[in-house]
Amino acid sequence: SSCNIRSCIKRLDSTPSFDIGIGIINNNINNMKLQATPLLEGDSAEVIQIDELSSRSFVDLLDANKALLFQAQDGHLSVEDFGDFVTSLELEHYPYIGGAAPRTIIPVKAGKDIIFTANESPPQEPIPFHHELAQTPNPPEYVFFYCDVPAEQGGQTPIIDSTQVYRFAKDNHPDFIDKLVKHGARYIRTLPAEDDPSSPIGRSYKNTWNVANRQELEDKLSEKDGCSWEWHDDDGGSVRVTSEAVPAIRLVGEHAQNQVYQWTFANSIVAAFLGWQDSRNDRHDALRFGNMERMPEDVLQSIADFMHNNRVMYKWKSGDIMALNNRLVMHSRNPFTRPRRVLASIWGGPKEKVRMAQPSNGVAVGLRPESYYLDQEPATPLVFGFWKVPNEKCEEVCYQAIAKGYRRLDCACDYGNEAEVGRGIARAIQDGLVKREDLFVTSKLWNTYHKPEHVPLAMRKTLDDLQLDYVDEYLIHFPISMEFVDFKDKYPPEWTNLEGKMVVVPNDMGATWGAMEALVDKGLTKTIGVCNFTTQLLRQLLSTCRVRPTTLQVEMHPQNSQDNLLRFAREAGLRVTAFSVLGASSYIELGMAGEDDVLMKDKVVLEIAQAKSKSPAQILLRWALQRNTLPLCKTSTPSRMEENQDVFDFSLTPSEMKRISSLNKNRRYNDPGVFCELAFGTFCPIYE
């Protein structure tokens, strides 16, 4: 199906992200401002008017939209403008090595070797779908195309969402995907000594590998474990190369502090199967699994047919720039009638100062311990929580959660089941399911232990119950300080003292934080953070702390999206963990919500769930992920544990995200200002 872009002039509502003034692109090229259109949105696409585009915001846009068409709002972009545009993005230089197609370098003022012709294969030859250089171990992150002269007929550059392809293959050919995951793919191709312009894969081994002779090629190939080659002297000195096993299915996880987390069909196997055919090569002999088993051609054809039937096409206009996130989008080329001149440029990821930059957002920031960004954080962003998990089930639930792949575990003194969680963790470690360093364990300081002298005692009790030497994260549970209740008299103390009364006491939260900082100094927790804090409380803490908070954990769901708080926390460099992502579901049995509040029955959520062939819960978890939050999910059922994890084989479009976010009505379910007065007779608001 082809894409019919509407030309409405509206600003796309983007998910909260960093907005850092690094590498501001000159959006006034020859007095021409730019606009961008999401290409995968189809009829729902809204043109993004670009007033000021930074390298940081470019990365955010391509992570969210995957493919964008950049155009001058009024005027025509030249080849030189194209060179200025790509170099202004502050991306890492990426040399074109390993590609099959012949190319010609087009020097521009911005760089002598950054722009080259797109695939120069004969115009009657279609170029099948592929990720650029996916047959190499480290493909480029971004691919840009520029149309100088559009074709008289045909010549489109069709694109397709790689995650969509992965899901089709996984659902319809699971054994094939399992083998790709386990073994990877090998590519077999015979390369001539000199470029052959008559072939779509006629690039010489000299230009492909940037070598001058056989020996230099052998030296390069010998560095690749598992790569082999065979010289054919009877064919003008061509060489048949069998690549090393290359990953063919990739999980694109956190990228430049954006939570992408999507499985992708990250390979060139369909392109090789359909297109690696010339006088030297037989496309039927171009592919192997990593274990050298042949790939089934009926499966390859099935995937190729799916790609063709679900492609998105745009008719080129002179001056257009197409920007593709090469990790998330595959592209191809249709046959065409000359003339056609489309140029290309490929780049690596954002430079480190763009990738890791953190703004202060107008507040003085505290020191970051070496463990602030942990080197061994789990690959999954999903957090498994233990609130309301019954004690008699909790050990087994914890064990099963770890067995199902959860590595972030969210505990708290107040949940009353840390001892059981500890036994589950100990069993999982003893049985070899994980090592301690594989887990990211969070616990929380309860309201009755805010006095500095009580903080280390609470920490020690939690560590004893969890059977751990340290936690990865220790959070202040609520910005509410209550009367101390001795551990031996009542544990967990919950919301009332020994007389059954909730007693709020004066306390300097800065002193509490100082005691939390001391826990980091002693190695009892690697990081510290807060729950249920407002923007102003965060600003105060960031202005006075010695050790920065790493995490804010708050109630966030489509009915309580807290956009400003999320933006502030992210711009201050904090992770944001979202609890109650499903909304009212956990609160109905507590009498704190009604059936009419249930998000999983909402019309918008149900419509999107049906369109994606996913459950409403999965849609809500995916929404939370794409807002760059860590969604907290919980269940006692192993099948639900698996269902909640099955959210990496699809994504929500910006317009779908916008529809779900429009459900916001600032509805809190976990609000001490309400339930404390109803349950304990104490009015204790923490929100306005």
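Tutor: Start with contact, which means heavy atoms within 4.5 Å. The model here is predicted.

Student: Which residues is Asn417 in contact with, leaving aside its neighbours within four places in sequence?

Tutor: They are Phe386, Val389, Asn391 and Cys394. Asn417 itself sits in the loop between strand E21 (408-410) and H11.

Student: Is Asn417 buried or exposed?

Tutor: A residue is called buried under 20% relative accessible area. Asn417 has 0% relative accessibility, so Asn417 counts as buried.

Student: How does one read a helix, for example H12?

Tutor: Compare its span with the one expected at 1.5 Å a residue. H12 covers residues 455-466, and its 12 residues reach 17 Å from first C-alpha to last, close to the expected 16 Å. Just after H12, Gln467 has a positive phi of about 60 degrees.

Student: Which residues of H12 are buried?

Tutor: Val455, Ala458, Met459, Thr462, Leu463, Asp465 and Leu466 are. Their arc around the axis is only 165 degrees, so they lie on the same side of H12. Their cover includes helices H11 (418-430) and H13 (509-521), along with strands E22 (440-445), E23 (471-476) and E24 (525-531).

Student: How do the axes of H17 and H19 cross?

Tutor: Angles of 65 to 115 degrees count as roughly perpendicular. The axes of H17 (616-626) and H19 (654-661) come within 11 Å and cross at roughly 105 degrees, so the two helices are roughly perpendicular to each other. Ile619, Trp623 and Gln626 of H17 make the contact with Met657, Ile660 and Ser661 of H19. By class, this contact has 4 nonpolar, 2 polar and no charged residues.

Notes
Residues numbered from 1 in each chain as written. Predicted model: local features only at pLDDT ≥ 70, side-chain atom pairs only at ≥ 80, totals over all residues. Heavy atoms only, no water. Helix = DSSP H or I, 4+ residues; strand = E, 2+ residues; numbered from the N terminus. Expected span 1.5 Å × (residues − 1). Buried < 20%, exposed > 50% of the residue type's maximum accessible area, 1.4 Å probe, protein only. Arc of directions from axis to C-beta. Axes fitted to C-alpha atoms, helices over the stretch in contact; angles between N-to-C directions. Parallel < 35°, antiparallel > 145°, perpendicular 65-115°, else oblique. Nonpolar A, V, L, I, M, F, W, Y, C, P; charged D, E, K, R; others polar.
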